[in-house]
Amino acid sequence: MTVAQVIFYLIAALAVGGALGVVLIRSTVYAALFLTLALLAVAGVYILLASEFLALVQVLIYAGAVTVLLLFALMLTRIGDVPETMVGRQWPVAALVSALLAGILIAALTTSNWPGDEDGLITRLPFEDVGDALFRQWAVPFEIASLVLLVALIGAIVLARQEEGE
Amino acid sequence: MEAVSEQIPLEHFLVLSAILFSIGVYGVLTRRNAVLILMSVELMLNAASINMVAFAAYAAPSATIVTGIIFAIFIITVAAAEVGLALAIILNLFRNRQTANVDEVNQLKW
Amino acid sequence: MNMTDAWVLPLLPAAAFVLLALLGPYLPRRGDWIAVGAIFAAFVLALLVAADFTSALADHGAEFAGVANSVPWVEIPGSIEIRLGVHVDAITVTMLIVVSFVAFLVQFYSLGYMKGDSRYGWYYAVISLFAASMLALVLAGNFLLLYFAWELVGLCSYLLIGHYNHLRSAAEAAKKAFITTRIGDVGLLIAIILLWRETGTFDIQEVFAAAEAGAIRTEVLTASVVLLFLGAMGKSAQFPFHVWLPDAMEGPTPVSALIHAATMVVAGVYLVARTLPLFELVAGGPELVLAVGLFTTFLSAFLGLVMTDIKRVIAYSTINSLGLMFVALGVGSPAAAMLYLFTHAFFKALLFLAAGSVIHATERQEVGQLGGLWSKMPVTSATFAIGALSMAGLPFLAGFWAKDEILVALTENRAAFALALLTLPVTAIYMARVFILTFLGAPRDAEAHEHAHESPLTMALPLVALAVLTLVAGFVAFDQVGRALGFPGGIGEVIFAHEPHTFDFDIAVAAGSSVLVAVGLVAGWYAYAARTELPARVSSALRPVHVLLERKYYLDDLYQTVIDRGVLGVSRVIAWFDRNVVNDTAVNGPAETTSLIAYLLRFQQTGRVPNYALAIIVGVVALALVAFSLKT
């Protein structure tokens, strides 16, 4: 077992563990924290895949902003004070279905023939190329993405504001 | 770090992604709190992202696949926007119904 | 007026019907003059057609079979061709004159009789429609047209019997008439269809030709002939379908005179006379006709002895006469039958109209409330007497010659001859009875007698006209008279199916029948005028027989029981089936099942998002499974 493999399994375990924590833990705030753990682990995976910039972005936005946002929502709705008292009624079926889903996905993924590098080597992509592509081929989606953010911003304000006078 | 690719085949990353996705599905179906459901959705999105980046990384060098990484960036962007909006909706719901338990929001019942 | 244009005849009263039906209430006097005028015009035209026919007869000789004139109406190439057209021959001409003349007299009479009736206009409309249909019936050249007119005639009869629609009994009688004749009509329709299937044509002459050429299978021909006769039996009130005719007296008396004496009821006789060639081709055909006619005439003769309603007595005498006509047809003598039909129309209509005169004057129909009207209503009494005597068969009156012809034709068949002879005195007795009880003796109801007055001119004139005809019409049977009228060789030679028939006058038969008639009349006089207590003693002595006759052989009761038990019983079963199986199960079933399924399905809408999400994921997994299994 080489170092790389150990690191991979470690990070994978962290990710899976964090995910399981999100879905199984009773306390809502703890679940949010486990989400943070999972997201950080995913950042680690990105590093393994030679996309350091992506890992940075992941940490900044996901693990940083999104988790904080979620925690804020939990705080504002006072839900965080009350732990979940019951599990969803359909958890047996849900467990079965997700297991099936996992099974099929894994079966499909492992048995398919993925065309790629014959040597199985990871291509290390210089991030300058990504930036280049972002502002050349992908300029329009980029602009649209910023528009999406704008709309989301406005929408969130509209939805969440109080009525005048309240 | 070219040596990494010899030791960790592509399938490992794909399987990891699949497992994370399924766990996210379970969370969506089981959790009672709306915010926690949102968290499970985030898990699913991340799993998809890993998939994209893995494919991008293991592609043939002659075909430099930037798309996967771009995809991942966009996923993160849209996910962030979505979380913001969803939380606004949940706040509204909480204000109206004093509850964020999705089991109790069943006005469209038969 | 050319024979080929005879199709105009039915159109005149038909036009009168349309006018009266649509515009009746707005016309002066409700348009009765239109109706009377139309039928009079039809009568005149009928005379012209007859003249044309006789001249054609003179030109072509005795073998002249008549002309046909038709236009195609509905044509489906390869299968059906229906034509509209007329066929004029000797029988047609006879019927045309009888129908149009009697219809005219009756409509004229109705001017007085129906005056003041609340449905005056409609009465004239329907009676015009009837005249049109009857004329069309006798003119019809093909079976389909004949059936058309046959049904129309039945409809008019129904409408007119039920004319006094505030009376329950009238409605019931109309229903009874229609339903009873319907049974026969179904037979007629089946016969027509059977013949069409075998020969491919509806035209009567063509069917005859095909039958004689042997193109129709024996079974089919036999069946059609029997069914055809069934239709004739229904319309002409032969046993066991005669029950509707006495009840039909609920209608106004002119209607009884026209429809149930002179014209509609003889439609059956006409039909058999017309299709006699077919009957003769079937083994036992004529015998069937003879048997039914004989049975009917014999049975009905006795019923006239106990009935107390004048109109009913005359109705039974009509059944008697109709049976006799069928007897004549059954022995293969259509000439005798047509002669009797011709003369019978006159004296039977006379009897009915005279009875109507009595009813109009006294507002009574039961002989128990009449009597002694001779002094108050001389014209009516005299004409009634003439009609009654003619019916009985007094020598030299019209009825005598006609009955004589029939008896002569029967001489070969001993049993039939004997039975027919037996009916003669019985007929004489009951005709005498009804005359004596109504017009002679002391009045039984003083108030009725007070009211009695002679009828107005509109009613009296037709009576006199018919009485005159009754006196002289019989002589038309003689060759000399016939030739004078333009029928070479007398009518007998003309009204035939195959062989010419000359008028036979057998002194022995005539004398014998005259003696029997005289005996009957004397007996009647004795029983009802001289020794008036005699009838009562006889009826109490023969009480069971009297009851049997009064109850009309219990036939009506039998029919009612069959309907109550049989028909209604079966219909109850069918109704149960329809209600429970067809309606509840077959119709309501799917509806209720759908409701049930919908009710069960709605529990799927829990309103809870996680359930919906689960549904989505399950769907995705299922699809993935399918895709995956297909891939491998």
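This is a predicted model: local features need pLDDT of at least 70, side-chain atom pairs count only at pLDDT 80 or more; totals for chains, interfaces and linings use all residues.
Let's begin with chain A and its confidence scores. Its average pLDDT is 85, and 87% of its residues score at least 70. If you look helix by helix, α2 of chain A (residues 28-48) comes out highest, at 93. At the other end sits α5 of chain A (residues 127-135), where confidence is lowest, with a mean of 85.

Now slide over to chain B. What is it built from? Chain B has 4 helices and 0 strands, so reading from the N terminus you simply get α-α-α-α. The chain has 110 residues, and 53% of them are buried. Take the contacts in chain B with a separation of 6 or more: residues 24 or more positions apart account for 48% of them.

Next, see how chain B meets chain A. On this interface, 69 residues of chain B are in contact with 75 residues of chain A. Which parts of chain B take part? Each of α1 (2-7), α2 (10-30), α3 (34-58) and α4 (67-97) of chain B supplies at least two residues of the side touching chain A. The largest share comes from α4(B), with 20 residues.

Find α6 (residues 168-199) and α8 (residues 218-235) of chain C: their axes come within 7 Å and cross at roughly 150°. Why call them roughly antiparallel? Because that crossing angle makes α6(C) roughly antiparallel to α8(C), the cut-off being over 145 degrees. The crossing of α6(C) and α8(C) is left-handed. On the α6(C) side, the residues making the contact include C:T180, C:I183, C:G184, C:L188 and C:A191. From α8(C), look for C:V220, C:A223, C:L227, C:G231 and C:K235, among others. Taken together, the residues of the contact between α6(C) and α8(C) divide into 12 nonpolar, 7 polar and 3 charged.

Methods:
Residues are numbered from 1 along each chain as its sequence is written. Chains are lettered from A and ligands numbered from 1 in the order in which they are written. Two residues are in contact if their C-beta atoms, placed from the backbone, lie within 7 Å. pLDDT is the predictor's confidence in each residue, from 0 to 100. A residue is buried if 20 or more other C-beta atoms lie within 10 Å of its own, exposed if 12 or fewer, and partly exposed in between; C-beta atoms are placed from the backbone. Axes are lines fitted to C-alpha atoms, for helices over the stretch in contact, and angles run from 0 to 180 degrees between N-to-C directions. Angles under 35 degrees count as roughly parallel, over 145 as roughly antiparallel, 65 to 115 as roughly perpendicular and the rest as oblique. A crossing is left-handed if the near helix is turned anticlockwise from the far one by less than a right angle, and right-handed if clockwise. Ala, Val, Leu, Ile, Met, Phe, Trp, Tyr, Cys and Pro count as nonpolar, Asp, Glu, Lys and Arg as charged, and the others, Gly among them, as polar.
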